[in-house]
Amino acid sequence: MNKFVLLSLLVASFTAQAGVAVIANPSVGDGATDKDIKKVFMGKKSELAGGVVTPVDQKEGSASRKAFYEGVVGQTEDEVKAYRTEMVFTGKGTPPKEVADDAAVKLFVATTPGAVGYIDESKVDASVKVLLKK
Amino acid sequence: MNKILLSLCIASLLPVTARALEGQVSGFGTIGAASTDSSQAYDRGLDKNNAEWINDTKAGIQADVKINPHFSITGQVVAKQSTTDDDRMSVQGEWLFGSYALNDSTKIRAGKLRLPLFMMSEQLDVGKAYILAKLPLEMYGQAPTNGYVGADLLKRFEVGEDGELTIQPYAGMTRFDGRGINPLDSNVMFKTFEADSVRGLNVLFDYNEILRLRAGYMATKLSYKDERSSVLGGMIAGMVSNVDASFASLGAQLRLGHTTITGEYGQRRVDSMMFADTDGRYLSVDHKLGAFTPYLSYAVISSDKAKMGGMAPNLDQSTKAAGVVYAVNGNSNIKAEASQVSVGSANNSNEFFNNGTTIAGKDIAVYRLNYNLMF
């Protein structure tokens, strides 16, 4: 039992240290930069490689969300929340749709043309395309 | 304009009738109390007799519906101090507009929109979205209304690596309730005016969330639209009939680490003896220290004393304010502010006081405490 617990902890630790991958539906074109992805998730850009994209977020508190916003967008979750609230109440747009976790993001992105999301890079599979990793 | 909005709505709805619409409902509110040490009612009803709740308390709800990736509709209603009665609140429709994004950098909006006259125009009712307990009356009090029915174009340009320039031309019209003092009985009165053929340009430059600069100009024709059968109504109609009115403004905000400096200047001109030609400005500095953000601000308004041979009213006052914001959490905060309003000797306008002439040359203290939240 102890060996199982130790192994589980090691796996969990390894999983938590994996990077975040920005993924997209295969219909989305290549060539997105960190800056492009930041703009898409901050409501300042709705197109990538000439096509309209739909960003999808994870719920607050998820490890992937924290890694994505700190690593790719360069802001803390609190800063993002404050920015988005102001965006809503100044009539400039609405935040991305939120789903529960990595699995839900992957499913949404794989089945929605133009969708862009982020998941733990260890969860990436052939159903989605990777735009960048952090 | 409403027909155009309706057409846009229908045109965008047709191809997606089978698809679920994406919607979001958000809310905000302020519970605020304010009082002064003066018996002379200031800023729509504050006086020393009690803590006034109606002046600062607001509650708003907003719905955003995304019809398709290009088109969305936004509506917002706010319960706040009535535009026709200082002593009661009313529910007011602030926004109802359709927004169509032609591409990433170009957006057209039509419907009931906010006039972009100030740095904080779009978040005027959302106390959580700015630092000061009350936006300076000397600047923000120059505009008798903040909404219009019409359309605007938002065109964004990238400037270098981190800069963004937004050009916003707009046009439309608005009706509003002008507040004044009836010279016959000294009671507060509200009269309806119409600003026809409103046209303006708002220019905004943002640099890497450090610097924001804005400039705006709005011109319109102003007319009295209330009853004119009485002596007073007839007089106002004679003074305010298709007169030129304009508002020019500049603003800057600089964020240096935890310190933010904000300044704005606005110039109102109305070709009528009934309104003062004013110049308002303020400067504020705030510094974030953990959950606390103390701030200082200084605001001034002055007017052309020689306008219409000295017959037009004059606004002449300044306000020094010190306050602190406590962040309860990411969605709410508490603000406390003490300020001193110094009323100049030339002040004889009823715009900010119920009867300006009796308090000219005096100082009054104003205290504010409010709780702000967004959800």
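Modeller: Between chain B and chain A there are seven residue pairs in polar contact, both residues at pLDDT 80 or more. This is a predicted model, in which local features need pLDDT of at least 70, side-chain atom pairs count only at pLDDT 80 or more, and totals for chains, interfaces and linings use all residues. Residues are numbered from 1 along each chain as its sequence is written, chains are lettered from A in the order in which they are written, and side-chain values use heavy atoms, without hydrogens and water.

Colleague: What makes a pair a polar contact?

Modeller: A pair of N or O atoms within 3.5 Å; within protein, one must be able to donate a hydrogen and the other to accept it, and residues adjacent in sequence count only if both atoms are side-chain atoms.

Colleague: Which strands of chain B supply the side that touches chain A?

Modeller: β1 (22–36), β2 (58–66), β4 (89–103), β5 (106–114) and β6 (147–159) of chain B each supply at least two residues. β1(B) gives the most, with four residues. Strands here are DSSP runs (E, at least two residues), and helices are runs of H or I of at least four, numbered from the N terminus. In all, the contact (heavy atoms within 4.5 Å) takes 29 residues from chain B and 20 residues from chain A.

Colleague: Why is the pair Glu158(B) and Lys39(A) called a salt bridge?

Modeller: The rule asks for a side-chain nitrogen of Lys or Arg within 4 Å of a carboxyl oxygen of Asp or Glu. Glu158(B) and Lys39(A) stand at 2.4 Å, N to O, so the pair qualifies.

Colleague: Why is Asp43(B) called buried?

Modeller: Buried means under 20% relative accessible area, exposed over 50%, and partly exposed in between (1.4 Å probe, protein chains only). Asp43(B) has 7%, so it is buried. Its salt-bridge partner Lys134(B), at 3.6 Å N to O, has 24% and is therefore partly exposed.

Colleague: What makes the pair of Asp86(B) and Arg179(B) a link between separate parts of the chain?

Modeller: Their closest N and O atoms are 2.8 Å apart, in a salt bridge. Asp86(B) lies in the loop between β3 (71–81) and β4 of chain B and Arg179(B) in strand β7, so the pair ties together parts that are 93 residues apart in sequence. Both residues are buried.

Colleague: What makes a set of residues a nonpolar core?

Modeller: The members are buried Ala, Val, Leu, Ile, Met, Phe, Trp, Tyr and Cys residues joined through side-chain atoms within 4.5 Å. The largest such core has 35 residues, and Leu117(B), Tyr140(B), Phe193(B), Leu222(B) and Val240(B) have the most contacts inside it. β8(B) gives the most to this core, with four residues. Leu222(B) touches, among others, Phe176(B), Phe193(B), Val240(B) and Phe275(B).

Colleague: Why is Ser246(B) called buried?

Modeller: Ser246(B) has a relative accessible area of 16%, under the 20% limit, so it counts as buried. Ser246(B) lies in strand β10 (residues 243–256) of chain B, and the residues it touches include Tyr217(B) and Arg268(B).

Key:
Lists of a residue's contacts leave out its neighbours within four places in sequence.
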